[in-house]
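Thanks for coming, everyone. I'll walk you through one protein today. Have a look at the display first.

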Amino acid sequence: MSKNVLHVADGFWNLRGSYKIAGLVDVGTQASLVRRSNGAFVFLDSWTLSRSQAREVEAITGGPEHIEAIVNLHPFHTMHVEAMHAMFPAARLYGTARHLERFPDLPWEATGTEDAALHKMYASDFEFTVPRGVDFISHNQNVHFSSVLAYHRASETLHVDDTLMYLRLPALLGFFGLKNSISFHPTLAKALEKRPGAAQEFRDWAEQMIERWRGMRNLCAAHTAAWLAADNTNDQAGDPEPSLHELLLKALDSCAKTLDAHEKKYG
């Protein structure tokens with residue numbers, strides 16, 4: 001495996017890509033390749049594979065005919081949809097309402113990735129959830145908080161775009177007491193629906209998600225990095241690394257001021 005194709009666990013590979021802000025700062029992006037229990041493969045999200053990544057994907061899958069579907073999970077992650085479809089034209093193509101609106105000529109399946117019907121369709125392998133209390137597709141084009149979160153039960157891996165972020169610091173900083181961290185996307189305040197109860201709905205959703213996937217071992221985040229159990233038995237200073245469950249609870253605690261402020265304003 002190359003550094004841009006991570007073997008996360010048996011049946012799960014995370015492909016790291018490049019996304020530069022203003023053409024300068026590369027914050028990265030991702031897609032994941034998952035082998036289903038029926039032996040077929042699905043992509044979670046789209047990325048224009050490099051030649052080396054394409055070779056590795058073919059070696060893993062045995063050829064494009066074994067790619068069953070491409071499931072696009074973030075309504076604002078659209079740059080690589082056409083290239084991914086061109087590379088795997090026989091794969092069923094799923095997207096959110098915004099994907100269908102932006103690329104009406106692509107052969108989209110009628111069921112959207114945010115729809116419960118799709119979640120039921122893939123329930124033998126995945127669990128999906130959509131954040132509540134926040135706009136799924138914001139009118140503000142710069143608010144990319146929401147996405148469909150996909151949890152692969154067999155590998156205990158969560159694939160998530162933007163909603164959750166993992167900050168992996170250079171090893172040297174660990175000796176100064178700074179630690180890797182997981183957080184909710186900083187646009188939460190703008191994403192919360194401007195109505196009474198929205199903050200509590202988000203809080204309830206986050207708590208339920210964290211407990212539902214308490215045994216999570218790996219987290220693949222789009223614009224930061226992948227948190228892999230195999231790499232995190234110890235932190236940079238050599239101390240035992242907190243579990244993902246603990247880190248997610250801490251991330252939710254860090255949202256308290258934002259949620260409280262929203263409740264004071266809207267109820």
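Start with a helix. Phenylalanine 202 and tryptophan 205 both sit in helix 6, three residues apart, about one turn of the helix. Helices here are DSSP runs of H or I with at least four residues, strands are runs of E with at least two, and both are numbered from the N terminus.

Before I go on, the ground rules. This is a predicted model, where local features need pLDDT of at least 70, side-chain atom pairs count only at pLDDT 80 or more, and totals for chains, interfaces and linings use all residues. Residues are numbered from 1 along each chain as its sequence is written, and side-chain values use heavy atoms, with hydrogens and water left out.

Back to those two rings. Their centres are 5.6 Å apart and their planes are at 40 degrees, so phenylalanine 202 and tryptophan 205 make a tilted pair. The rule: rings of Phe, Tyr and Trp (its six-membered ring) pair if their centres lie within 6.5 Å; planes under 30 degrees apart are stacked, over 60 edge-to-face, and the rest tilted.

Are phenylalanine 202 and tryptophan 205 buried or exposed? Phenylalanine 202 has 0% relative accessibility, so it counts as buried. Tryptophan 205, at 2%, counts as buried too. Buried means under 20% relative accessible area, exposed over 50%, and partly exposed in between, with a 1.4 Å probe and protein chains only.

With Phe145 and Phe184 they form one aromatic cluster. How many aromatic pairs does a search of the whole structure find? Eight. Among them is phenylalanine 126 with phenylalanine 128: tilted, 5.8 Å centre to centre, 40 degrees between the planes. Both of these phenylalanines are buried.

Five strands form an open sheet with mixed pairing, in the order 9-10-11-14-15. Strand 9 (126–129) and strand 15 (226–228) are at the edges, each with a single partner strand, so one side of each has no neighbour in the sheet. Strands pair if DSSP finds at least two bridges between them. From one strand to the next, the twist averages 15 degrees.

Helix 6, residues 198–212, packs on this sheet and touches strand 9 and strand 10. Its direction makes about 165 degrees with that of strand 9. Axes are lines fitted to C-alpha atoms, for helices over the stretch in contact, and angles run from 0 to 180 degrees between N-to-C directions. Contact means heavy atoms within 4.5 Å.

Strand 9 and strand 10 (residues 149–152) run antiparallel, joined by four bridges. Threonine 129 stands opposite leucine 149.

Next, strand 6, residues 41–44. Both faces are covered. Phe41 and Phe43 on one side, Val42 and Leu44 on the other, are all buried. In a regular strand, side chains alternate between the two faces of the sheet.

What are the partners of strand 6? Strand 5 (residues 29–35) runs antiparallel to strand 6, with four bridges. Strand 7 (residues 67–71) pairs with strand 6 in the parallel sense, also over four bridges. Leucine 44 is the bridge partner of serine 32, and valine 71 is the bridge partner of leucine 44 in strand 7.

Last, confidence. pLDDT is the predictor's confidence in each residue, from 0 to 100. The protein averages 89, and 87% of its residues reach 70 or more. Over residues 169–178, pLDDT stays under 50.
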